[in-house]
Amino acid sequence: MDKLPIVLDLTGTFVFALSGALAGTKRGLDLFGVMVLSFAAGNSGGITRDLLIGAVPPGAVGDWRYLGVSLLAGFVTFYFSRLIVRMSNAVLLFDAAGLALFAVAGSSKALSFGLNPVMAMVLGTVTGIGGGMVRDVLLAEIPTVLRADLYAVAALAAAAVVVIGHVLLLPVVPVTAVALISCFMLRVMAIRRGWRLPVAKIEKRDDRNTAKENSKDSDRS
């Protein structure tokens, strides 16, 4: 059981690194750029979590396996990008799986460092969404977490299941399985059915009316 968080972490790192490398290949980046995006997408969330809980140096820096799985994902994607692009549905599933793995691993590690349940859920969510946010920022895009269908909510749901199981002293393996499945299924259903949180809407005034008001104001002056 002590090795479960590291296994989830490394698996999530590889899956998210695939999505980062694929985004780089779609934007026409060279091999170095793809490697950078691969590492950033796979490790930014975990690095942020480790720094916040005081686990220094972060696992992604102190353990060569994180760099290894990130580079492996980058190389595979770079040289077989056409095949992976054709598997667009599979990539979305990989992203959903990575989100679930990171959210569960993040909340589990936060609890092991003695954080309270609320902050453990927050850090689990941050671990899940951090890599994708950095990836999108590097590509000059609005982060997926701010516009996609129930992205952060799915990560928060998984982290909440882990925390509740910890508080109630439930067996680790069943709780982990439920958390992974709940996050994965929620994300997949949100993608297929278009579920999303309410979006802020600002009513746009007619340009003609605006022009008339401006002209009236200028006449008065």
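## Ground rules

Contact here means heavy atoms within 4.5 Å. This is a predicted model, where local features need pLDDT of at least 70 and side-chain atom pairs count only at pLDDT 80 or more, while totals for chains, interfaces and linings use all residues. Residues are numbered from 1 along each chain as its sequence is written, and side-chain values use heavy atoms, with hydrogens and water left out.

## The whole chain

Take contacts between residues at least 6 apart in sequence: 76% of them join residues at least 24 apart. The protein chain has ten helices and zero strands, taking helices (H or I, at least four residues) and strands (E, at least two) as DSSP runs numbered from the N terminus.

Of its 221 residues, 43% count as buried, meaning under 20% relative accessible area with a 1.4 Å probe, protein chains only.

## Asparagine 43

Asparagine 43 sits in helix 2 (residues 31-53). It counts as buried because its relative accessibility is 2%.

Its side chain makes a polar contact with the side chain of serine 70 at 2.8 Å (a pair of N or O atoms within 3.5 Å; within protein, one must be able to donate a hydrogen and the other to accept it, and residues adjacent in sequence count only if both atoms are side-chain atoms). Leaving aside neighbours within four places in sequence, asparagine 43 is in contact with Thr13, Ala60, Tyr66 and Ser70.

## Helix 9

Helix 9 covers residues 172-193, and its end C-alpha atoms are 31 Å apart; that agrees with the 32 Å that its 22 residues should span at 1.5 Å a residue (1.5 Å times one less than the number of residues). Its buried residues are Val175, Thr176, Ala179, Cys183, Arg187, Val188 and Ala190. Just after helix 9, glycine 194 takes a positive phi of about 75 degrees.

How values were computed: Buried means under 20% relative accessible area, exposed over 50%, partly exposed in between (1.4 Å probe, protein chains only).
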